[in-house]
Amino acid sequence: MKSKLFISEPLRVGQIRKLRANKKGGTSRLVLIAEQDRRDGTYLVFLLNNMVEAAIPRDLCLSTKLTSAKYEIVLMTEYLARAHPEDFELESVLGSIDEKAVDRIRLIAHNNPFGKLPDVITNPDMRIGRFPMQKYDSVWQFRSSEFDNFLKLTYFRDQAYVISVDHALRSLRQFEALRAPELVDELPLDALFAMSRSREMVAA
Amino acid sequence: MQDLWLEMKTEYELQGGLGKLWLAEIGRLAQQVVNKKILERLPPSIFGFPSWDKDDLMQLVITDRLLGRNQAQYVFDTAESIDEARKILRNEINFVLSDHRVPNQVDNVWSNLEPRLLELGWESGSLESDSESELHDQLVRLILSLKRLRNKGAQRLSPLFAGPVLGDLANQIVEIRPDLPSKLLIKALRTALTIISPSLSIEDVGSIEDSLELSRDSYAKSEESVRMERGQYGSRRHEIARDICEKLNPETLEIVFQKAHGANQSEIGAVLGLTRQTARYRIEEAQQYLLNEFKALELDIEESREVLSAMLDILGVRLSEVNV
């Protein structure tokens, strides 16, 4: 057993940590720290899970070699939100990723907000998920419940934008042409789900 | 009594892995799953077991998942209470069962697909080896893009595709080549369904009833859904469709959803856990209810069609796949 007296490693970008349930409720989850805001000490985090079989093409399956964690991890690129530092479990760092790699993942996911993540992102230790999610299937439901839970664990400053789908939302607001119904099929399902929650657009 | 999860964590740390407490807990969960399967009268052979024995299942869970993929460590790192740990462990058990079920699912789909292919004049032939892998990938993509029947992970062998969807698949296969070898088709099915299958077992999403409620809520509450669909159906039609959807109970919504995919009475029965006969009554009731609603609103045929289309869109049926 660990001693009650321990020196915790400070929170840093690239670390995989446990985010604990807070007063809003929720269940603890693993997250990857993507950015630290030095102004208020909060952190942007990606949600992680262990469901490699249920990783969709917007997710990245990270090998143990890359993360130095003890198991393979799925990074859900669509689930990025802000967490308070006091909600992290400080006792242990469960793995870490190079800061540059984290930036690259963010940039590519942000620049490609629709459909499958591009192959350029991959290397042998970072695979794009393959599960073909369909609306209301078990993976959709799983992700919906993960989304709800993640909202409880995190917060967002600007209520107008919901987690990482803000890019998709802004695009839809700015470019009227993107409201074309046929484009809805191309939108990431998580983005649509988030949009439906944000009362911005269709839940199709 | 000390907190069980705390004791399990202590044991895990002291022993550097699974100890007696963990084995007992996994055993209990495996026994629950086995009991459920026995109650459902599922033959153990479906999952490759000679008999329903919790020890066999437990061994696979430990070797394949908890040790093989180090998921025990994940449970240890993530769970905050025994309930959370049990949830993840239950998922691990279901993943093991799904992994071992795959060949049966392929057999099921193939036995339903083959007669449709034969009807269209397909005959198993041979191929030049250089085109095989390309065709295989094409077929896998085709199978993965098919609309699946809902599976909430509660029914291990519920049908995966509605009859008409398989009919379309047969047509597309014959269009690609009318003499594709059966070996290649089965191989493509296996590849595609291996991806789909394990994910069907995710149980963290609640029971079937909960999920139906969730689906119902997710669109019933989505005021924003109006905006996009307004353009397509006109705002009044869409509002009517939403009102009707809000009035329907989850079971009726499921029936409408499944009917839109061309599911037959048996398939709808399987999804709802009803006999074919009961499913037939429920389908008739649902149809009658909708007709009455349309009648009460004094909608003509064209308007009724549009309202129904809007309802199906709200329910998540893509219009291109509707087969009513």
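Buried means under 20% relative accessible area, exposed over 50%, and partly exposed anything in between, with a 1.4 Å probe and protein chains only. The model here is predicted, so local features need pLDDT of at least 70, side-chain atom pairs count only at pLDDT 80 or more, and totals for chains, interfaces and linings use all residues. Residues are numbered from 1 along each chain as its sequence is written, chains are lettered from A in the order in which they are written, and side-chain values use heavy atoms, leaving out hydrogens and water.

**View 1. Chain A, inside and out.** Of the 204 residues in chain A, 54% are buried. Chain A exposes about 9,000 Å² (Shrake-Rupley, 1.4 Å probe), and carbon and sulfur atoms supply 53% of that area.

**View 2. The chain A fold.** Chain A has 6 helices and 7 strands (DSSP runs: H or I, at least four residues, for helices; E, at least two, for strands). Follow the sequence and you get β-β-β-β-α-β-β-α-β-α-α-α-α. Take contacts (heavy atoms within 4.5 Å) between residues at least 6 apart in sequence: 66% join residues at least 24 apart.

**View 3. Helices α6 and α7 of chain B.** α6(B), residues 129-144, packs on α7(B), residues 163-176, at about 160°, with the axes 11 Å apart. Axes are lines fitted to C-alpha atoms over the stretch in contact, and angles between N-to-C directions run from 0 to 180 degrees. The pair is therefore roughly antiparallel (over 145 degrees).

**View 4. Side chains between α6(B) and α7(B).** L135(B), Q138(B), L139(B), L142(B) and I143(B) of α6(B) meet L169(B), Q172(B), I173(B) and I176(B) of α7(B). By class, that's 7 nonpolar, 2 polar and no charged residues (Ala, Val, Leu, Ile, Met, Phe, Trp, Tyr, Cys and Pro count as nonpolar, Asp, Glu, Lys and Arg as charged, the others as polar).

Methods
Parallel < 35°, antiparallel > 145°, perpendicular 65-115°, else oblique.
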